[in-house]
Amino acid sequence: MAKMMMLQQHQPSFSLLTSSLSDFNGAKLHLQVQYKRKVHQPKGALHVSASSEKKILIMGGTRFIGVFLSRLLVKGGHQVTLFTRGKSPIAKQLPGESDQDFADFSSKILHLKGDRKDYDFVKSSLSAEGFDVVYDINGREAEEVEPIIDALPKLEQYIYCSSAGVYLKSDILPHCEEDAVDPKSRHKGKLETESLLQSKGVNWTSIRPVYIYGPLNYNPVEEWFFHRLKAGRPIPVPNSGIQISQLGHVKDLGTAFLNVLGNEKASREIFNISGEKYVTFDGLAKACAKAGGFPEPEIVHYNPKEFDFGKKKAFPFRDQHFFASVEKAKHVLGWKPEFDLVEGLTDSYNLDFGRGTFRKEADFTTDDMVLSKKLVLQ
């Protein structure tokens, strides 16, 4: 354990604790002709760009996005520290990860334990360390970011995980990076953080994912469908089911985060990151069934206005068209998603749900309300 003491004697001490994702496995994405690859590699293999070794801080890092990103960065030769409250293990072997890769990752990852809302501790601990790059993947409010910037006057790059949810609802789609934003959205804190980064004069990059899916997803995105498919239940879908949405695989998001590191073209820029294609709600239900090897599902459409679901969320997606263009990331960064939707869902199902590791217990309460009404009408 590599321990470091605070400079101020009255401050509590903190320590950087050592705790992989080996090559991500999968099969090939069928790309459009104009984006043919010159080299064919296994789906999800780690593509680490050449750059000088950096001292990198990840705010968060023990769940979902951070799990894959931290492994990419460590494999790229960077010194990586996770800033967390220490409630979850810093390193946990992933499904399909070899013992050797996990041991290698565990021996290199470092930990700084603290609460990011303890701003005095953030300032003192980070200034003592002097990180080159910060990946902020769990920041929600601008006030959480300012102490980090103030503590690191020589910071080379601040890379922020924002959200496509900041865009103002529009009849003209897909959303592009220059589109109008909604200051009243539930992601307004992320929007305010982007504004803060612009005003601070730091070298920043902001990534706006749409819906993220993949192994270890703690949000009930694909899991919502897999629960119902595995139970042999119909899938209730609001309204017509032709609402168009978009999902991006977490491993593709990880490579996008890697691509902006030290990239001059990413300086002070915002990038939408998700899958290349869009999908309807009904299409997503069918894609999940195909990925898990289930028969084509029975889909039941309903009008949400006819039900009082209370505080329960009856469907995991916003009931509207919602998708964004990733053309800027493709052309400016040279980034391309590797997973098409069915391949990505298969990866998620095989590494998580096929092993019986559902994140949350199934709750069919709202389904039963919909289905019982359907039976009455029949």
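Let's start with Ala329, which is buried, with a relative accessible area of 0%; buried means under 20%, exposed over 50% and partly exposed in between, using a 1.4 Å probe and protein chains only. Ala329 sits in helix H9, residues 327-333. Helices (H or I, at least four residues) and strands (E, at least two) are DSSP runs, numbered from the N terminus.

What does Ala329 touch, not counting residues up to four places away in sequence? The answer is Phe271, Asn272, Ile273, Gly334 and Trp335, where a contact means heavy atoms within 4.5 Å. Ala329 and Ile270 are 59 residues apart in sequence, and their C-alpha atoms are 8.9 Å apart in space.

A quick word on the background, everyone. This is a predicted model, where local features need pLDDT of at least 70, side-chain atom pairs count only at pLDDT 80 or more, and totals for chains, interfaces and linings use all residues. Residues are numbered from 1 along each chain as its sequence is written, and side-chain values use heavy atoms, leaving out hydrogens and water.

pLDDT is the predictor's confidence in each residue, from 0 to 100. The chain has a mean of 87, with 84% of its residues at 70 or more. Over residues 17-42, though, pLDDT is below 50.

Now to Lys54, in the loop between strand E2 (14-16) and strand E3 (55-59). Buried or exposed, what is Lys54? Lys54 counts as buried because its relative accessibility is 17%. Its contacts beyond four places in sequence include His78, Asp132 and Glu156.
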